[in-house]
Amino acid sequence: MITGIEHTGLVARDTDKLCEFYEKYFGCKVILSYPNGTKFLKCHNGIIEVYPMKSDDETVYDNYVKGLRHLAFETDDFDKDRQMLLDAGVKPAAEPIIKDTMKLALFYDPEMNLFHLIQRPESLLLK
């Protein structure tokens, strides 16, 4: 069952600087960091993912160009919910990503906005 929006993704030229901004002015806290510069900030009752951009060209339709890029919906049954979306004809954006115990599927909504279906061993909202 889909249990809620897990995070919103922002692409940044400088992930450290952007995270510091959200920490300083909004009381957010980095709760997870990856070697590639991607960070997750807990912001009260929500999560923001900040990850490095690959291009400064705003005409490129890419998941790594600056700005707001996706919503992530948390699920407690990844396989069932992913199949439900596929059966409904929702267009996948890529093959699922399975890393250790985290499962991620990327899809497009009818306006071609990217959204994720994600299941983690422990919700980031509980951190």
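Let's start with A72, which is buried, with a relative accessible area of 0%. Buried here means under 20% relative accessible area, exposed means over 50%, and partly exposed is in between, using a 1.4 Å probe and protein chains only. You will find A72 in strand β5, residues 67–75. Helices (H or I, at least four residues) and strands (E, at least two) are DSSP runs, numbered from the N terminus.

What is A72 in contact with, leaving aside its neighbours within four places in sequence? The list is G4, I5, E6, H7, H116 and I118, where contact means heavy atoms within 4.5 Å. A72 and I47 are 25 residues apart in sequence, and their C-alpha atoms are 9.7 Å apart in space.

A word on what you are looking at. This is a predicted model, in which local features need pLDDT of at least 70 and side-chain atom pairs count only at pLDDT 80 or more, while totals for chains, interfaces and linings use all residues. Residues are numbered from 1 along each chain as its sequence is written, and side-chain values use heavy atoms, with hydrogens and water left out.

Now the overall picture. The protein has 2 helices and 8 strands, and from the N terminus on they run β-α-β-β-β-β-α-β-β-β. Of its 127 residues, 37% count as buried. Take the contacts between residues at least 6 apart in sequence: 52% of them join residues at least 24 apart. The accessible surface comes to about 7,800 Å², and 54% of that belongs to carbon and sulfur atoms. Those areas come from the Shrake-Rupley method with a 1.4 Å probe; for residues, only the protein chains shown count as cover.

Let's move to strand β3, residues 39–43. This strand is mostly covered, with 4 of its 5 residues buried. Which way does β3 pair with strand β2, residues 29–33, parallel or antiparallel? The pairing is antiparallel, over 4 bridges; two strands pair if DSSP finds at least two bridges between them. K42 of β3 is the bridge partner of K29. The hairpin of β2 and β3 has 5 residues between the strands, and G37 there takes a positive phi near 100°.

On to β3 with strand β4, residues 46–52: they are antiparallel too, over 5 bridges. Here K42 stands opposite I47 of β4. This hairpin has 2 residues between its strands, and H44 in the turn has a positive phi of about 60°.

Next, charges. Side chains of opposite charge can pair when their charged atoms come close. How many salt bridges does the structure hold? There are 3, each being a side-chain nitrogen of Lys or Arg within 4 Å of a carboxyl oxygen of Asp or Glu.

One joins the side chains of E6 and R120, at 2.6 Å from N to O. E6 is in strand β1 (residues 2–12) and R120 in the segment after β8 (114–119), so this pair links distant parts of the chain, 114 residues apart. Both E6 and R120 are buried.

Another is between D16 and K39, with the closest N and O atoms 3.2 Å apart. Because D16 lies in helix α1 and K39 in strand β3, this pair ties together parts that are 23 residues apart in sequence. D16 counts as partly exposed at 43% relative accessibility, whereas K39 counts as buried at 14%.

There is also D79 with K103, at 3.3 Å from N to O. D79 sits in helix α2 (residues 78–87) and K103 in strand β7 (residues 102–108), 24 residues apart. D79 is partly exposed at 49%, and K103 counts as partly exposed at 25%.

Let's stay with α2. Its buried residues are F78, D81 and L85. Why do they count as being on the same side of α2? Because they cover an arc of only 80° around the axis, the arc being that of the directions from the helix axis to the C-beta atoms. On the other side of α2, K80 and D87 are exposed. Just after α2, G89 takes a positive phi of about 85°.

Last stop, the surface. F21, Y25 and F26 make a nonpolar patch of about 330 Å². Patches are made of residues with over 30% relative accessible area and no salt bridge: like charges are joined within 9 Å, and nonpolar side chains (Val, Leu, Ile, Met, Phe, Trp, Tyr) within 5 Å. Y25 belongs to helix α1, residues 15–26, and is exposed, with a relative accessible area of 52%.
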